[in-house]
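Please look at the sequence and the structure shown here before reading on. The report that follows goes through several parts of the fold in turn.

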Amino acid sequence: EARSGDCHKCGGTRWLVMDGSGGLMPCNACGADADIAMSRVNAIARYSSISARQRAQTFANFDAGNSGVLAACAKGARKWATERAGWFVIHGGTGNGKSHLCAAAYNAVIAMKHPALYVSATDMLASLRAVMDDDAREAEGESSQMRQERYMRAPVLVLDDLGAEHRTAWSESVMFAVFDFRYRNKLPTMVATNLDPFAGEFPARLGSRLRDDHDGFSTVIHNTARDFRVAL
C-alpha cells in the first residue's frame, strides 16, 4: 500500500511492472533506476586500480596544444567513451598522453552511469597472482579464475600500459584469454600501449585481434606526440 509522500508512479515500491512481459524494471520517476545503475557502477568500479590523480583527469583538462595527432586521439577516445562500441587502441611512445586519455575515457563512462573497469596490465596480472596461493585465495574468497573472469566480462574495460608487463608464458595466456573473450563477445575495450600492433611486437593472435578493423570493430591510432616529461 502506498504511503503519503510515496512516488506517484511506483507507490514507493521502486519497481514498475513491464507491459507485456510482466517483468520488473526500476522506477524512473523516483530515481530508483539511477540508484540501481550507480550500484552496478560502484560494484565494478571498486576493483579498478585508478589513482586519485587519474580520477581528476578528464577530456576537458587534456591539453592537446597545437598537436593534430593528440587532438585526433582525444576525439577518438571521447567518441569511444560516449558510444562504448568496439575497441579503441592508442599506441606510441611514453609520456605523450595515452594514460590521461584512458583515465578520461573511464571517468566519462562512469559519469554516464555505465559500469566500467580500469586497470593497468601490470596491476591486472599482480591481482591474479595475489590469489594463486591457497592462503590468499581463502582470505579473499575467490580464485584466480574468478578474478580473471571479472576482467573478461566487465561491461566496459579500459586497459592501460599493455605490453609493460613482464612477458611469460603465463602472462601471455592470461592476456590472450581476456582479450579473446572480449573479442568474441564484442565487449567495449580501450587499450593504451607502447607497442605497435602492426609491427609484430605482440604475440600474433593478440596483435591480430587488437588491429581487427573489419566492420569498424577496432580503431587504432598511432600517437606520435613527444614525451611531455622530457624538456625540449
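## Ser48 and its surroundings

In this predicted model, the side chains of Ser48 and Tyr106 make a polar contact of 3.1 Å, where a polar contact is a pair of N or O atoms within 3.5 Å; within protein, one of them must be able to donate a hydrogen and the other to accept it, and residues adjacent in sequence count only if both atoms are side-chain atoms. The side chain of Ser48 also reaches the backbone nitrogen of Tyr118, at 2.9 Å.

Ser48 is found in the loop between helix H1 (32-45) and helix H2 (52-55), helices being DSSP runs of H or I with at least four residues and strands being runs of E with at least two, both numbered from the N terminus. With a relative accessible area of 12%, Ser48 is buried, a word that stands for under 20%, while exposed stands for over 50% and partly exposed for values in between (1.4 Å probe, protein chains only). When residues up to four places away in sequence are not counted, Ser48 touches Tyr106, Ala116, Leu117 and Tyr118, contact meaning heavy atoms within 4.5 Å.

## How the model is read

Residues are numbered from 1 along each chain as its sequence is written, and side-chain values use heavy atoms, with hydrogens and water left out. Since the model is predicted, local features need pLDDT of at least 70 and side-chain atom pairs count only at pLDDT 80 or more, whereas totals for chains, interfaces and linings use all residues.

S4 pairs with strand S5 (residues 157-162) in the parallel sense, over 4 bridges; for two strands to pair, DSSP must find at least two bridges between them. The bridge partner of Val119 in S5 is Leu159.

## Arg209 in helix H9

Arg209 has its place in helix H9, and it is buried, with a relative accessible area of 18%. Its side chain is joined to that of Asp180 by a polar contact of 3.0 Å. Apart from residues up to four places away in sequence, Arg209 touches Trp87, Phe176, Asp180, Tyr183 and Ser218.

## The second largest pocket

The second largest pocket holds about 170 Å³ of space. Helix H8 (169-184) and helix H9 (204-210) each supply at least two residues of its lining, and H8 gives the most, with 5 residues. Among the lining residues are Leu162, Arg167, Phe176 and Arg205.

## His222 in strand S7

His222 lies in strand S7 (residues 218-223) and is partly exposed, with a relative accessible area of 44%. Leaving aside neighbours within four places in sequence, His222 is in contact with Val69, His91 and Gly92. The C-alpha atoms of His222 and Leu195 are separated by 10.0 Å, these two residues being 27 apart along the chain.

## The protein as a whole

The protein has 9 helices and 7 strands, and buried residues make up 45% of its 232 residues. Among contacts between residues at least 6 apart in sequence, 69% join residues that are at least 24 apart.

Definitions and conventions. 1 Å grid on protein atoms, 1.4 Å probe; cavity = no way out; pocket = protein on both sides within 12 Å on 5 of 7 lines; lining within 4 Å. Points joined across faces, edges and corners; volume = space filled by probe spheres on them.
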